[in-house]
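Subject: Structure handover and findings

Dear colleague,

Please find the structure below, with its sequence. A summary of the findings follows it.

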Protein chains: 4
Amino acid sequence: MNHIPFKGIIAYPITPFDRNGKVDITLFRKLVERLVKSGSHGIAPLGSTGVLPYLTDEEKEAVTEATIDQVAGRVPTLVGVSNLTTERTIYHAQFAEKSGATAVMIIPMSYWKLTDEEIVKHYDAVASRISIPIMAYNNPATGGVDMSPALLKRLLKIPNVTMIKESTGDIQRMHYLRQELGEDVAFYNGSNPLALAAFSAGANGWCTAAPNLIPQQNLALYNAVLDNDLQTAQQIFYQQSDLLKFIVAKGLPRAIKAGLNLLGEEGGYLRSPLQTLTDAETAELKSILSATSISKQNALA
Amino acid sequence: MNHIPFKGIIAYPITPFDRNGKVDITLFRKLVERLVKSGSHGIAPLGSTGVLPYLTDEEKEAVTEATIDQVAGRVPTLVGVSNLTTERTIYHAQFAEKSGATAVMIIPMSYWKLTDEEIVKHYDAVASRISIPIMAYNNPATGGVDMSPALLKRLLKIPNVTMIKESTGDIQRMHYLRQELGEDVAFYNGSNPLALAAFSAGANGWCTAAPNLIPQQNLALYNAVLDNDLQTAQQIFYQQSDLLKFIVAKGLPRAIKAGLNLLGEEGGYLRSPLQTLTDAETAELKSILSATSISKQNALA
Amino acid sequence: MNHIPFKGIIAYPITPFDRNGKVDITLFRKLVERLVKSGSHGIAPLGSTGVLPYLTDEEKEAVTEATIDQVAGRVPTLVGVSNLTTERTIYHAQFAEKSGATAVMIIPMSYWKLTDEEIVKHYDAVASRISIPIMAYNNPATGGVDMSPALLKRLLKIPNVTMIKESTGDIQRMHYLRQELGEDVAFYNGSNPLALAAFSAGANGWCTAAPNLIPQQNLALYNAVLDNDLQTAQQIFYQQSDLLKFIVAKGLPRAIKAGLNLLGEEGGYLRSPLQTLTDAETAELKSILSATSISKQNALA
Amino acid sequence: MNHIPFKGIIAYPITPFDRNGKVDITLFRKLVERLVKSGSHGIAPLGSTGVLPYLTDEEKEAVTEATIDQVAGRVPTLVGVSNLTTERTIYHAQFAEKSGATAVMIIPMSYWKLTDEEIVKHYDAVASRISIPIMAYNNPATGGVDMSPALLKRLLKIPNVTMIKESTGDIQRMHYLRQELGEDVAFYNGSNPLALAAFSAGANGWCTAAPNLIPQQNLALYNAVLDNDLQTAQQIFYQQSDLLKFIVAKGLPRAIKAGLNLLGEEGGYLRSPLQTLTDAETAELKSILSATSISKQNALA
């Protein structure tokens with residue numbers, strides 16, 4: 001087992017629905033294929049982008065199997081298996097492992113705020129039932145729990161919790177992880193607008209839905225960092241930062257679906273209560289996408 | 001149809017589990033019976049206290065039917081039917097109506113932050129499919145969305161959205177509702193530590209899990225307000241305020257289960273990741289319960 | 001010495017400036033006289049309303065002396081003497097005492113966040129140099145430091161710190177004070193929109209600039225509470241709550257000056273950077289004042 | 001006039017007091033000399049580090065003149081002239097210009113929250129009365145006002161407001177400035193723990209008290225950025241990040257004074273209510289300073 005199977009750009013597909021509100025697996029496979037083809041270093045279905053919490057168990061299983069089959073080992077896969085209860089989290093983690101996932105991602109979803117003790121027990125219970133690595137995911141804005149850096153450090157003592165995805169938007173959290181845990185800690189940035197700051201701080205990778213729309217620019221940022229070329233990284237980052245801000249502000253599933261449509265791609269339907277962007281929002285996205293695309297051509301020319 | 005069927009003390013039962021993690025319907029009925037017998041003016045299963053989001057569809061249905069059968073019309077029932085997707089919210093709302101619920105309570109649960117537009121459409125879609133009244137519930141701490149007073153005012157224009165439950169802990173929200181909507185608006189307090197302030201502000205009722213532990217004192221507070229006796233209301237409130245703070249701080253399901261045990265009652269098991277109170281927390285609760293009980297005897301003597 | 005010399009409505013005059021930016025002491029005396037005549041139970045110059053931090057030492061001294069001379073013992077006076085440094089706080093507290101102030105009010109103003117230890121030493125140093133009572137004032141929104149209830153409890157152990165003014169807008173802070181310190185604690189509400197909730201919670205008094213505009217209604221609220229008549233208190237509160245919200249939202253010095261002008265009274269000039277209300281804001285205030293006044297006539301008829 | 005006279009490391013001296021509470025100008029000059037000698041690219045007296053708001057007008061003037069005389073043109077000077085009132089801000093800005101300051105720094109200090117309009121008028125009034133450039137400083141934690149990026153953009157339209165110092169600790173504010181205002185905007189980082197992220201984002205300089213303690217490492221970070229060497233910048237940053245966090249957490253004047261003492265330098269006395277670090281805090285600082293110093297020797301060897 002590779003304990004830290006991810007680096008670089010880890011791409012999050014949306015989960016598209018058909019006209020009748022069913023998950024559109026055919027379209028989902030197409031969207032996954034686009035992400036692999038465009039050079040993403042990993043594929044992460046059933047994240048926030050993939051509206052995990054809005055899906056039934058059967059839908060989650062179908063998406064998991066479709067991903068692994070479609071990716072076919074070309075890059076590693078990171079399957080979201082978070083659930084409010086420990087029992088269902090174990091169930092989905094085991095399903096992902098059995099289906100061939102490289103690793104699973106778990107955010108401690110909460111309705112009732114969980115104590116640190118409850119969170120540790122939750123991860124521990126899941127970790128002891130699977131053999132593949134776990135990425136612990138901190139995102140108070142969606143999950144409702146903010147895991148302190150100290151708690152994240154505790155989680156990393158569980159043998160197969162080997163990776164942290166940090167999405168608070170506070171760069172100092174990443175500094176703390178690196179400072180406390182040394183150069184060997186594997187932390188990933190999950191906050192799109194922090195992409196440059198996180199790579200500068202030493203993040204191993206960037207978990208992002210942006211490659212659905214601008215894969216070349218996401219990869220170019222990572223490559224500039226690998227080349228130790230800060231000036232180029234900065235320039236490439238500012239070319240895409242408006243888009244990164246927009247997709248976060250509007251919600252990733254809504255914004256990515258709209259962006260795909262603007263690029264002439266199918267994006268399927270959303271599941272209620274999520275609604276499509278307004279016309280004004282779509283126009284704004286069009287203008288941002290087009291500016292991003294022009295600056296890309298100049299930059300990569 | 002009575003548009004505003006609730007006033008006074010609306011009691012929230014916990015959902016107890018058995019040793020094997022199944023919902024213990026027999027014990028649940030017993031807990032509901034205690035609440036009715038002790039004088040509660042309404043019974044509200046499947047709230048936050050009832051760990052709604054941690055239950056399967058089948059479990060929710062069993063709890064709904066058990067409540068209505070056990071209460072048997074002695075007081076009105078308010079069934080929680082909140083769900084992340086609109087489709088499942090409609091399903092459970094229809095189930096509750098068919099089963100004989102007096103009204104349903106809906107919090108706009110969110111993973112992705114919902115826009116005001118999405119929230120209005122969500123309530124509208126549910127309201128148009130049932131005939132019983134809806135209590136719109138605002139609780140950013142558990143639901144993840146904070147509905148502004150202006151949005152709540154908008155929701156009240158949907159015909160069968162007739163009641164608001166406010167749990168932000170900010171008394172000014174209630175002032176706004178009353179100020180904007182006049183004396184006819186039905187708003188309910190869902191923040192236990194605000195019980196006195198909310199009744200002073202004109203709240204129609206208090207949605208609370210406290211009657212599982214101290215029903216007489218909850219009722220005495222309401223009665224003092226009905227008697228227009230502020231001094232007595234104040235005195236009775238301060239006798240119970242430590243307990244109200246404690247059960248909120250520790251999480252209602254955990255604290256109520258522990259309190260029931262301290263009172264010599266069965267409270268069942270919790271569902272993971274929720275864990276029982278620590279020994280220190282239980283000792284603190286014991287001491288608070290006992291102080292509350294003594295002051296009650298003095299007050300009511 | 002009376003340790004707790006205040007109860008009821010403690011009125012805060014603005015500090016008016018003349019056309020040339022000098023404090024207008026003649027007008028200030030007139031404004032103080034209006035407050036005393038209208039029935040206020042105490043007069044508190046050099047508060048936030050009196051723009052204390054914007055004044056020179058000489059101006060503060062002139063305002064202190066004018067207040068005490070004008071009030072002439074008819075009601076007790078509470079002089080604001082807060083300063084960033086301990087040395088200047090002592091200076092102004094001694095000046096107030098020597099001039100005949102009944103008590104002083106002190107907020108721990110901060111530029112650098114103060115530790116609890118620093119705050120205790122600050123109050124202790126001042127308290128040991130004067131003999132009149134001190135009201136400790138907590139208002140993070142203006143002072144920049146939020147004193148926890150536990151810290152306020154500590155301050156009350158300093159012999160002449162005998163009163164707390166709470167302006168966080170969180171009613172639970174007052175519950176805590178009363179719960180922890182018993183019925184003998186003297187706490188005052190400094191958050192206008194919380195007037196009803198604070199009196200319901202047992203506040204001794206209400207520190208407010210509102211009597212510059214609607215003294216009869218402020219007094220009527222207090223009298224209803226004294227009469228143990230919650231329903232009347234609630235009714236009177238809702239008649240004035242729009243005004244209370246407005247003057248806080250716009251800043252007390254700006255809103256009171258505009259309100260005085262609307263009532264046909266002189267309000268003087270503001271000191272830059274503070275600017276007069278915009279025309280739209282003034283129109284809104286006019287409409288609120290007029291609605292408040294009509295409901296008053298009905299209520300008091 | 002050079003519109004943007006600063007880049008690199010802009011060092012903030014503390015204002016030391018003598019045993020009797022007077023500003024110790026002789027020691028202050030010595031501390032300024034150390035900062036210049038150690039290679040700082042600018043000297044900024046009367047900042048938050050220099051406890052500006054705790055000083056009398058005479059003290060501010062003495063510190064201003066001492067700085068300019070001591071620096072003697074070797075590097076540019078940036079004098080803090082912020083004041084609650086517009087009139088006093090103008091006075092001190094004019095004094096600084098007359099004394100030979102290269103530029104002035106202004107934070108819109110607030111007691112009453114200022115409107116955007118009031119802030120613009122404040123800067124405008126000062127700017128029109130001096131000819132040297134102004135650095136607008138945003139630091140809600142000390143000044144009490146949070147200027148939005150949009151407001152900062154507005155301020156930059158005032159002719160001699162040419163520089164922004166951002167201290168919110170949110171890297172996205174800097175991204176916004178650069179994105180909105182292009183490569184020509186001069187923005188400076190005032191949040192020590194963000195030093196790496198800010199330089200990565202394109203900050204022109206770093207306004208910091210750290211050179212009082214670790215000047216070589218502050219300069220080395222800047223030089224690595226100039227060399228476009230991200231890996232070295234990252235390594236050097238992590239060597240000093242514990243110290244940067246510590247001095248911010250404890251308050252710059254208190255932490256720098258303690259650090260100077262630990263380095264065998266005089267740091268003078270603090271002005272009450274500010275108190276020296278506790279023994280435990282001093283021991284922690286000693287350990288951090290010593291770890292920082294060892295890693296420096298390794299890094300620079």
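How many aromatic pairs are there over all chains? The count comes to 12, where rings of Phe, Tyr and Trp (its six-membered ring) pair if their centres lie within 6.5 Å, and planes under 30 degrees apart count as stacked, over 60 as edge-to-face and the rest as tilted.

Please note that this is a predicted model, in which local features need pLDDT of at least 70, side-chain atom pairs count only at pLDDT 80 or more, and totals for chains, interfaces and linings use all residues. Residues are numbered from 1 along each chain as its sequence is written, chains are lettered from A and ligands numbered from 1 in the order in which they are written, and side-chain values use heavy atoms, with hydrogens and water left out.

Aromatic pairs

A:Phe199 and A:Trp206 form an edge-to-face pair, because their planes stand at 85 degrees, with the ring centres 6.4 Å apart. A:Phe199 is buried at 4% relative accessibility, and A:Trp206 is buried at 0% (buried means under 20% relative accessible area, exposed over 50%, partly exposed in between; 1.4 Å probe, protein chains only).

In chain C, the pair of C:Phe199 and C:Tyr222 is tilted, at 5.5 Å between centres and 45 degrees between planes. This pair links distant parts of the chain, 23 residues apart: C:Phe199 belongs to helix 8 (residues 195–200) and C:Tyr222 to helix 9 (residues 215–226). Helices here are DSSP runs (H or I, at least four residues), numbered from the N terminus. C:Phe199 is buried at 4%, and C:Tyr222 at 7%.

Charges over rings

The charged end of B:Arg88 sits over the ring of B:Tyr91, 4.3 Å from its centre; the criterion is NZ of Lys or CZ of Arg within 6 Å of the ring centre and within 35 degrees of the ring normal. In chain D, D:Arg88 lies over the face of D:Tyr91, also at 4.3 Å from the ring centre.

Helices

In chain B, helix 3 (residues 86–99) meets helix 4 (residues 116–127) through B:Thr86, B:Thr89, B:Ile90 and B:Ala93 on one side and B:His122, B:Ala125 and B:Val126 on the other, contact being heavy atoms within 4.5 Å.

Helix 11 (residues 252–262) of chain D is mostly covered, with nine of its 11 residues buried, including D:Arg254 and D:Lys257. After helix 11 of chain D comes D:Gly264, with a positive phi near 85 degrees.

Methods. Axes fitted to C-alpha atoms, helices over the stretch in contact; angles between N-to-C directions. Helix = DSSP H or I, 4+ residues; strand = E, 2+ residues; numbered from the N terminus.
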